[in-house]
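Please look at the sequence and the model first.

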Amino acid sequence: MPELPEVETIRNYLRLGNGEHPSILGKIIKSAEVTWGRSVAFPTNDEFQGKITGQTILEIDRRGKFLIFHLSDNELLLHLRMSGDLFVREEGQPPDPYDRIIFHLGDGIELAFNDTRKFGRVWLVTDLEQVIGNLGPEPFDTALSEGIFYERLQSMKRQLKPLLLDQSFLAGLGNIYSDEALHMAHLHPLTRSNRLSLEQSGRLLECIRQVLQAGIHSHGASIDWVYRGGDFQNYFRAYGRKGLPCPECGEPIERIVVGQRSTHFCPTCQAKIE
DNA sequence: ACGAGCGCCTGTCGGC
DNA sequence: TGCCGACAGGCGCTCG
């Protein structure tokens with residue numbers, strides 16, 4: 001499900017609370033109840049439950065699509081993949097059938113890692129690099145200049161769409177926001193990265209930042225049965241709009257498959273650069 | 001170096 | 001109505 005804006009929304013929800021419940025910062029993990037073993041990527045299930053018990057949630061960060069819980073002794077990383085979500089609930093509620101891990105936080109509060117499709121994973125480590133060492137730069141990192149971005153694009157001959165989905169190139173974009181960024185930047189998804197001019201690559205970086213910022217501002221996108229709150233789906237320019245008019249020129253949006261992922265673009269606005 | 005194909009999972013939707 | 005394939009916000013692996 002979630003890409004950078006959705007993960008950021010969940011991070012804020014957990015850090016700040018939402019009126020229904022308070023922030024979970026400062027809470028102590030009394031126990032972790034794992035109901036789907038493979039949700040725990042590292043260490044073993046028993047070690048995970050043993051080590052995490054008694055640790056305090058000091059702070060919650062985000063890196064790309066990863067949530068990072070800084071605990072008193074360890075780092076807890078969480079990746080929601082396609083259908084994962086996190087809910088703070090009062091204890092004693094009937095369990096949801098798709099809860100995979102329940103963290104009991106005391107004070108009658110629990111944090112549920114809910115994941116219909118079971119692709120999501122958690123890690124409990126001492127060194128973050130063990131899990132996120134290969135991630136590319138954070139899109140909003142001011143150290144990521146136009147010049148650096150241009151050089152990174154020039155150094156490869158990748159199709160733009162799969163490249164933007166590659167988390168070691170740039171951390172945080174998924175299928176929605178990469179289609180949206182390419183449409184805003186007027187770049188064809190199959191254009192090779194080394195064909196971009198300095199100006200085009202600068203525009204791409206700027207558009208990536210704009211769509212992510214807009215997504216965060218809308219509290220993410222809500223599609224299908226998953227997710228709550230966000231309304232960025234009402235502002236899609238290309239994603240999921242096959243056959244509907246391009247918001248800029250009115251031509252029908254096309255859908256193709258690239259790297260097994262559906263890809264939406266305007267054949268007029270996003271001409272391919274050979 | 002790069003991309004295609006597949007596996008991991010469960011649910012929804014549209015067509016016949 | 002019932003079945004069946006396509007599809008879904010992700011990613012790691014193997015194979016050319």
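The expected span of a helix is 1.5 Å times one less than its number of residues. Helices (H or I, at least four residues) and strands (E, at least two) are DSSP runs, numbered from the N terminus. The model is predicted: local features need pLDDT of at least 70, side-chain atom pairs count only at pLDDT 80 or more, and totals for chains, interfaces and linings use all residues. Residues are numbered from 1 along each chain as its sequence is written, and side-chain values use heavy atoms, without hydrogens and water.

Helix H1 (residues 4-16) has 13 residues and reaches 18 Å from first to last C-alpha, close to the 18 Å expected. Just after H1, Gly17 has a positive phi of about 75 degrees.

Five strands form an open, mixed sheet in the order E2-E9-E5-E4-E3. Strands pair if DSSP finds at least two bridges between them. E2 (40-42) and E3 are the edge strands. The twist averages 25 degrees from one strand to the next. E3 and E4 run antiparallel, joined by six bridges. Arg62 stands opposite Leu67 in E4.

Two helices pack on the sheet, with contact meaning heavy atoms within 4.5 Å. Angles run from 0 to 180 degrees between N-to-C directions, with axes fitted to C-alpha atoms, for helices over the stretch in contact.

| H1 | E3, E4 | about 165 degrees with E3 |

Conventions: Chains lettered and ligands numbered in written order.
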